[in-house]
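Colleague: Could you take me through this model and tell me what stands behind each label you use?

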Amino acid sequence: MDLKLEVVVLPVSDVDRAKAFYEALGFRLDVDHVADDTYRVVHLTPPGSSCSVLFGTGVTTAAPGSVQGLHLVVPDIEAARADLVARGVGVGEIFHDAGGVFHRGTREGRVSGPHPERASYGSFAAFGDPDGNGWVLQEVTTRLPGR
C-alpha cells in the first residue's frame, strides 16, 4: 500500500501575511476557503511538489512558528538560494555538515559553503516564514535507490 505525504499543516499567527509570504516564494494557491470568522483554510503547493502546506484559522492548536525542519529539495542550492533572496526571503548562507551527512537541528557542526564534493543530499540553506516556521533548502542531484 502506498502512503503518500501530501499536506503539512503550518501554525501561523496571521493568515494573510503567511499567504502573501508563500505566494511570494512561488507557491501555487490551491484553496482559500473562509467558512466563518473561526474557520479558514489556505492551501498552497511549492512548484514541482506533490506535497502542499495548509494553514488558516481553526486548523491547528500548535503554536505559530513551532514547525521546524521542513525541507525543500532543489537541484542547485546556489540558484535556489539566489532565487529566494531575489524574492525578498532572508535565507542564511549555504552550509554543509562537518560530519558530511545530514545536518543537525541546531547550528552545531555547520560548515560554511556547499559540501566540498557537492555530494547529493549534502548542501543546505535555512530560512523561516514570518512566524518562524523553519525551512531548509537541500541540494539533491542524484536520488538514493528506491526513490
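Modeller: Start with strand 8 (residues 124-128) and strand 9 (residues 134-139), which run antiparallel and are joined by 5 bridges. This is a predicted model, where local features need pLDDT of at least 70, side-chain atom pairs count only at pLDDT 80 or more, and totals for chains, interfaces and linings use all residues. Residues are numbered from 1 along each chain as its sequence is written, and side-chain values use heavy atoms, with hydrogens and water left out.

Colleague: What makes strand 8 and strand 9 a pair?

Modeller: Two strands pair if DSSP finds at least two bridges between them. Strand 8 and strand 9 have 5 bridges, so they count as paired.

Colleague: What does strand 1 pair with?

Modeller: Strand 1 runs parallel to strand 4, with 3 bridges between them, and V7 stands opposite S52. Strand 3 joins strand 4 too, antiparallel, through 5 bridges. H43 has L54 as its bridge partner there. Strand 3 and strand 4 form a hairpin with 6 residues between them, and G48 in the turn has a positive phi of about 80 degrees.

Colleague: Why is G65 called buried?

Modeller: The relative accessible area of G65 is 13%, and the cut-off is under 20%, so the label holds. G65 sits in the loop between strand 4 and strand 5. It touches P11, D131, G132 and N133, not counting residues up to four places away in sequence; contact means heavy atoms within 4.5 Å. G65 and G134 are 69 residues apart in sequence, and 7.5 Å apart in space, C-alpha to C-alpha.

Colleague: Why is R118 called partly exposed?

Modeller: R118 has a relative accessible area of 30%, so it gets the label partly exposed. R118 lies in the loop between strand 7 (110-112) and strand 8. Its phi is near 50 degrees, a positive value in a residue other than glycine. Y121 lies in the loop between strand 7 and strand 8 as well, and its phi is positive too, near 75 degrees.

Colleague: What are the buried residues of helix 1?

Modeller: In helix 1 (residues 15-24), they are V15, A18, K19, F21 and Y22. Seen down the helix axis, they fall within an arc of 165 degrees, so they line one face. The arc is that of the directions from the helix axis to the C-beta atoms. What covers these residues includes strand 2 (28-36), strand 3 (39-45), strand 4, strand 8 and strand 9.

Colleague: How do you know that the buried residues of helix 2 line one face?

Modeller: I77, A80 and L84 are buried in helix 2. Their arc, seen down the axis, is within 70 degrees, so they line one face of the helix. They pack against strand 5, strand 8 and strand 9.

Colleague: What makes something a pocket?

Modeller: On a 1 Å grid over the protein atoms alone, a pocket is an open set of points where a 1.4 Å probe fits, with protein on both sides within 12 Å along at least five of seven lines; lining residues have an atom within 4 Å of a point. The largest pocket has about 770 Å³ of space. Its lining has 29 residues, with P46, S49, H71, L72 and V73 nearest its centre. Strand 5 gives the most to that lining, with 5 residues.

Colleague: What about the second largest pocket?

Modeller: About 190 Å³ of space lies in it. It is lined by 15 residues, of which Q68, G69, G105, R110 and V136 lie nearest its centre. Strand 9 gives the most to this lining, with 3 residues.

Terms used: Helices (H or I, at least four residues) and strands (E, at least two) are DSSP runs, numbered from the N terminus. Grid points are joined across faces, edges and corners, and a volume is the space filled by probe spheres set on the points. Buried means under 20% relative accessible area, exposed over 50%, partly exposed in between (1.4 Å probe, protein chains only).
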